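Colleague: I have the sequence and the coordinates open. Can we go through the architecture step by step?

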Amino acid sequence: SVLYPCEAVVFDEAQAFRISHIYPDSMDNCLKCAVKLKCVINTKHIVIKLRERGIYVYDGRYCGIASHRGAETFATAHSAEVFISALAYTFMQTKNMEVAAKYAAIALAVYTKNGGGIASLPDADSIGKYCEDNDIY
């Protein structure tokens, strides 16, 4: 078993491009970009936020994508903090980065749907209600 200095590194498209010189604009390029990032950074998971296309997750062997939820979810103030918090919390609970990315995408959608700000921070009940309302299981 390989020991990694960190479990995951999260990038947006621009950050991933700056390091890898491969723009993640298609599934093929996402994989190429993630492979290159994994070669440069010793981490178990590469996570790339793809704006309206979703969240790409790569672990060195498998890749997956978490669907985008809501409009312009990465544009709201403090959206990165909400996303990272939900991602880290869920990953610590499940040990599954793809599940964590899906949950973080939903938490971010709830946050932006409620207008952003401290009063909009999602809790388990609001995330559960969002999933019910949108037929997400």
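Colleague: At what angle do the axes of helix H4 and helix H5 cross?
Modeller: Keep in mind that this is a predicted model. H4 covers residues 97–113 and H5 covers residues 124–133. Their axes come within 10 Å, and the crossing angle is roughly 95°.

Colleague: How is H4 oriented relative to H5?
Modeller: Angles from 65 to 115 degrees count as roughly perpendicular. The axes cross at roughly 95°. That makes H4, relative to H5, roughly perpendicular.

Colleague: Which residues make the contact, and what is its make-up by class?
Modeller: H4 contributes Tyr103, Ile106, Ala107, Ala109, Val110 and Lys113. From H5 come Ala124, Ser126, Ile127, Tyr130 and Cys131. By class, the contact has one charged, one polar and nine nonpolar residues.

Colleague: Is threonine 112 buried or exposed?
Modeller: Threonine 112 sits in helix H4. Its relative accessible area is 16%. The cut-off for burial is under 20%, so threonine 112 is buried.

Colleague: Which backbone oxygen lies 3.2 Å from a polar side-chain atom of threonine 112?
Modeller: Threonine 112 belongs to H4. The 3.2 Å separation runs from a polar atom of its side chain to the backbone oxygen of alanine 109.

Colleague: Now the sheet. In what order do the strands lie?
Modeller: The sheet is open and has four strands.

Colleague: Which strands stand at the edges, and why is one side of each left without a neighbour?
Modeller: Each edge strand has a single partner strand, so one side of each has no neighbour in the sheet. Neighbouring strands are turned by 20° against each other on average, direction ignored. The edge strands are S1 and S4 (63–66).

Colleague: In which sense do S1 and S2 pair?
Modeller: S1 spans residues 6–12, and S2 spans residues 43–49. Cysteine 6 stands opposite threonine 43 in S2. Over six bridges, the pairing of S1 with S2 is parallel.

Colleague: How many residues of S2 are buried?
Modeller: S2 has seven residues. The strand is mostly covered. The buried count is six.

Colleague: How do S2 and S3 run, and which residue is the bridge partner of isoleucine 48?
Modeller: S3 covers residues 55–58. Four bridges join S2 to S3, and the two run antiparallel. Lysine 49 has isoleucine 55 as its bridge partner in S3. For isoleucine 48, the partner in S3 is tyrosine 56.

Colleague: Which way do the S3 side residues point, and are they buried or exposed?
Modeller: Ile55 and Val57 point one way from S3. Tyr56 and Tyr58 point the other way. As for accessibility, all are buried.

Colleague: Which residue in the turn between S3 and S4 has a positive phi?
Modeller: S3 and S4 form a hairpin. Four residues lie between them. The positive phi, about 100°, belongs to glycine 60.

Colleague: What phi does arginine 51 take?
Modeller: Arginine 51 lies in the loop between S2 and S3. That hairpin has five residues between the strands. Arginine 51 is partly exposed, at 47% relative accessible area. It is not a glycine, yet its phi is positive, at about 50°.

Colleague: Is aspartate 135 buried or exposed?
Modeller: Aspartate 135 is in the segment after H5. Its phi is positive, about 50°, although it is not a glycine. Relative accessibility is 57%. The cut-off is over 50%, so aspartate 135 counts as exposed.

Colleague: Last one. Which strands does helix H3 lie across, and at about what angle to S1 does it run?
Modeller: H3 covers residues 79–94. The helix lies across S1, S2 and S3. Its angle to S1 is about 155°.

Terms used. Residues numbered from 1 in each chain as written. Predicted model: local features only at pLDDT ≥ 70, side-chain atom pairs only at ≥ 80, totals over all residues. Heavy atoms only, no water. Axes fitted to C-alpha atoms, helices over the stretch in contact; angles between N-to-C directions. Parallel < 35°, antiparallel > 145°, perpendicular 65-115°, else oblique. Contact = heavy atoms within 4.5 Å. Nonpolar A, V, L, I, M, F, W, Y, C, P; charged D, E, K, R; others polar. Buried < 20%, exposed > 50% of the residue type's maximum accessible area, 1.4 Å probe, protein only. Polar contact = N/O pair within 3.5 Å; in protein donor to acceptor, adjacent residues only side chain to side chain. Pairing = 2+ DSSP bridges.
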